[in-house]
Amino acid sequence: MSSRRYIWWWAAPAAILFLVIILIPFITALTYSFRALSFTDSTAAGQYIGVENYRKLVFDDDFYNSFKVTFLYMLPAVSLQGILGLSIALLISNVVRRARVLIPIMLLPTLLTPVVIGLVGTLTLNPDFGVIGQLLNRSGLIKEAVLGSGTWALPAIIAVDTYQWTPFVAVILTAGLLALPKEPYEAAQVDGASRIQTFFRVTMPLLWPYFVVAVLIRVIDAFRIFDIIWVMTRGGPGTVTETVAVYAYRHTFRYWDIGYGSALIMVIFVFISILVEYLYKALQRWQGASGSA
Amino acid sequence: MASITVQNVSKQYKGGEVQALKDVSFAVQDAEFFCILGPAGAGKTTLIKLIAGIEAVDAGKIMIGDRDVTDRLPMERDVAVAFETYALYPQRTVRQNLAFPLQAPVRRSEWTNEAIETRITEIANLLGIGELLDRYPRQLSGGQRQRVALGRALVRKPKAYLLDEPIAHLDAKLRHRMRGELKRIQLEQGITTIYTTPDQLEALSLADRMVVLNHGKIEQVGTPDEIYKHPANIFVARFVGDPPMNILDASLDGGGISLVGLGRLPATRTSKEILVGLHNSPQVKIGVRPRDLELLDVGAANALCQTEVKHVQVLGETSILTLTVGALELRSRTATFQAPERGATVGLTIDPERFHYFDANTQRNLELFPG
Amino acid sequence: MTSLTLKGVWKIYEGNVLAVKDLNLSIQEGEFFALLGPSGCGKSSTLRMIAGLEKITRGEIWFDHTLVNDLEPRERNVAMVFETYALYPYLSVYENIAFPLRIRVWSKEKVDQKVRWAADFLGITELLPMRVRGLSGGQMQSVGIGRAIVREPSILLMDEPISHLEARQRARMREELVDLQKRLGTTSVYITHDQVEAMTMASRIAVMNLGELQQVGTPKEVYARPRTEFVGGFIGEPPMNFADCEIQQEDGRFFAVSPSFRIPLSAELGDKLMARKGIAKTRLGIRPESITVSAQPTDYSVRGLVYVLEPQGERTILTTRLENGEYFLVEVPPDFEAETDSVIHLQFREPIHLFDTASGINLFYE
């Protein structure tokens, strides 16, 4: 009787969970992508159609547009969150050592559901009774309703998203700052580095891995962002704020073209995988070795 | 109380990339204090984990007593382990940490609360941690934590103690005291103990028998006396003994021993016997312990050669001298009051009866493994 | 070549934690000076005050004729080798060594010249292009030393630089560091808790305990003439044996007496005891190397039981349990054998040290 083997039974619950929640839905979606399945089109009743959906996808200009929108949103959003997050982390890292309770407080926006944030955002930006909306309207900066504006809808989404997620970035970077080894700092002091030199030559390189983690998480999330947009603009006006997730949702759960929607999802998935892989390697290389000894 | 037998044990990590242990076999007798000596990375900790059952062997057998425990979980083997890295329960006080093993369901019947308290006090006093019993690990220094970890292993009376560098993080004075105490406890309790260390002095002073491990392979098994006096190969010869044995190139012939770079000494009976066993190649490597180097006045008649004193390291009553002869560097152990000054030139000689002979290619001890 | 003087230096941390108490040291130019003591003795704080990483609570630190109390580390021209190397992990070996020079914005050629000189000096030129991460402990430490010497500092500070290396590497580094310092000629202060390191490397040692200076002297001096009980017990391995005893006089001879022994003291000690009347109780210290053993009792031998034998190759250490329950360590020849718990007789040989029971000071320290 070998008693080592029953250890595998302990892994069973997690394995089942993984199967049910992740693996099975994924494979199901994959199979749907090769089928014509639409609740609005009676001819599409689930028959196998090979790569038809994918062929349709290649010529779908709206799909390409949604990618463009996603990037237009992602680049400014991630940059803002990174810079603001870093600034906040630098400011509070000393205080946090003594007042750890600050961290959950800071994270409140991140902990709220995006739907709530979206609703609050909508109300706040309303030009008639929202605090910021009124400010913009009366001061003459933005005369129109922000969320209905072709020019300002996407920046508004970026702003609300930044509000929700900057604390998240800040917390990761704060944890990083607190975990940095003290010795290189002392060595730099003795070597004669000024404060600025120390920041750029010691802090930033040591903090880089944390930075990479935060940025990659936000990049991946950019392709998933849905709730805030749907609540605030439904992807509009027009397709101005229609990111890939919103677009896929539209086809799958509005038009009920499940087959096509699944194909869209698959392509998005592959795209994210490649993007993250490339981005991760590039970020690693840009800083040289990853992480402290 | 039990013997422990390790048979042809191998262990790999990273899918074959790292061969931690290769075909290791040795036997520990009941009630023996057995040391596993080896440099960092030799496989000592891996061996402890395998004997304890924390990890499974890739090949081979492990027996405790006459039971084959190779597939058994740690709790079925009845061993107590003290880790070098302490592995204390951070949310429990020192007292609770020490009590924990005795409260395991397996042992509940043997240990009443009273018996546990008595035992804890006993061990705590032994290790000098009596006043720390109500503190938490995070409030302790590294040395104190290590003693708690050791205590947790010692509270039980298992079939065997497996101690992985249990006093490595104590300061020199404390380490010294603990060594003596450990040896004494083991003698009194008669529990089979396996003790790993990278410190050859520790192994020599503690072990009844020991094994020298290097890169996952056994170099030699034997009593400390055997290993010190008759090292099986050059690695063991240099690893055991401080400063390390001096190794010199030499060639033998019927009349004498020619030490490269130093000079010629008359042959001894041993050197002649070895020469016979060597057939064609008279090249050997000769090992000389530092204290066997004799320093004479400069220009003395019986000197083998002249040497310059490059370093003098005062240890106390003895000093370690670094001597140079041409490009060669030798180390000697000399009484401080007799030691010459740094930079002086003195005469050097060695008694050839104190030589150790090693094969120039295989590096093995030629007296143990002739030819 | 800079001399280093500490005058009445105190360091008190927040919450009234006394780290260094009234320290006076005078370190010569070009000396390899060791600060030795157990953790918490104040050696780290002292080194950091010399470096400028900690403020001096009271007192003065002088580099030659310059008072450096208020100077920042960068203004003091000191360099430090850290216990944990403190390398910049994302930089190559070359860049690590070049760092102090890049901070000062030296020209590329000058930097290159200096870095190569330092690497060559330490024999690590092949390591220059490599990443710091894959290096062994000894190599990393060499890089740390390279970074320290590249600026040619006035004073070189070393904070337990080899404590994390393996035994073999440590032994080798000891010799190399001494060699290096001789070649450089830079005044060096080396802190350690390992008395072997201090003894084998330094030209003079300052022994500290609980913030106070115990003794300053050459290795031979602190070994043969410990000024305090602490120094006697800290220097030397295995450590000195201690026992409380009374001084008795009989027929003009002096004896050290305890429940475990009755030892005659030398005429020299006797003369000194005569000069210092009124000493009744004292603490006797004797090194394991100064005790011999025999199976049979001899004049004034001390009776004990064999407790533990620790053979160590070159010698064996015998722990003996004396009548009074004290444990005395004795150095015996390597082939010495005896049954555990058998009776053995010890002979105490000179030098015998007598320490004041209150202050711990060696009663006859000149």
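**Entry 1: chain A**

I began with chain A of this predicted model, where 33% of the 293 residues count as buried. Going through its secondary structure, I found 13 helices and two strands in chain A. I then looked up the extent of the C-alpha trace of chain A, which spans about 80 × 75 × 35 Å along its principal axes. For the contacts in chain A between residues at least 6 apart in sequence, I noted that 68% join residues at least 24 apart.

**Entry 2: nonpolar cores**

I turned next to the largest nonpolar core, which holds 238 residues, and asked which of them touch the most other members. They are A:Ile157 and A:Leu173 from chain A, B:Ile51, B:Leu162 and B:Ile194 from chain B, and C:Leu157 and C:Val189 from chain C. The largest share of this core comes from helix α8 of chain A (residues 153-179), which gives 13 residues. I also noted a second, separate core of 26 residues, and C:Ala243, C:Phe254, C:Ile263 and C:Ile344 are included in it.

Returning to C:Leu157, I set aside its neighbours within four places in sequence and listed its contacts as C:Leu47, C:Ile50, C:Ala51, C:Val78, C:Ala79, C:Met80 and C:Val189.

**Entry 3: where chain C meets chain A**

Here I found 20 residues of chain C in contact with 17 residues of chain A. On the chain C side, the elements that give two or more residues are α2 (73-76), β6 (78-81) and α3 (93-103). I sorted the residues of that side by class and got 15 nonpolar, one polar and four charged.

**Entry 4: where chain B meets chain C**

This contact takes 32 residues from chain B and 29 residues from chain C. On the chain B side, two or more residues come from each of α5 (172-189), α6 (200-206), α7 (224-229) and β16 (305-314), and the largest share, eight residues, is that of α5(B). By class, I recorded 13 nonpolar, nine polar and ten charged residues on the side of chain B that touches chain C.

**Entry 5: strands of chain C**

I traced an open sheet of four strands in chain C, with the order β2-β1-β4-β5 and antiparallel pairing. Its edge strands are β2 (17-27) and β5 (66-67), each of which pairs on one side only. Strand β1 (residues 4-13) and β2(C) pair in the antiparallel sense over seven bridges, and C:Val9 stands opposite C:Leu23 in β2(C).

C:Ile317 stands opposite C:Glu331 in β18(C). The hairpin of β17(C) and β18(C) has four residues between the strands, and I noted that C:Gly325 takes a positive phi near 90° there.

**Entry 6: C:Val293**

Why does C:Val293 count as buried? It counts as buried because it has 21 C-beta neighbours inside 10 Å, where the cut-off is 20 or more. Not counting residues up to four places away in sequence, C:Val293 touches C:Leu318, C:Val330, C:Val332, C:Ile344, C:His345 and C:Leu346. Of these, C:Ile344 is included in the second core of 26 residues. Finally, I checked C:Val293 against C:Thr2, and the two are 291 residues apart in sequence and 50 Å apart in space, C-alpha to C-alpha.

Key
Residues are numbered from 1 along each chain as its sequence is written. Chains are lettered from A and ligands numbered from 1 in the order in which they are written. This is a predicted model: local features need pLDDT of at least 70, side-chain atom pairs count only at pLDDT 80 or more; totals for chains, interfaces and linings use all residues. Two residues are in contact if their C-beta atoms, placed from the backbone, lie within 7 Å. Ala, Val, Leu, Ile, Met, Phe, Trp, Tyr, Cys and Pro count as nonpolar, Asp, Glu, Lys and Arg as charged, and the others, Gly among them, as polar. Two strands pair if DSSP finds at least two bridges between them. A nonpolar core is a set of buried Ala, Val, Leu, Ile, Met, Phe, Trp, Tyr and Cys residues joined through C-beta atoms within 7 Å. A residue is buried if 20 or more other C-beta atoms lie within 10 Å of its own, exposed if 12 or fewer, and partly exposed in between; C-beta atoms are placed from the backbone.
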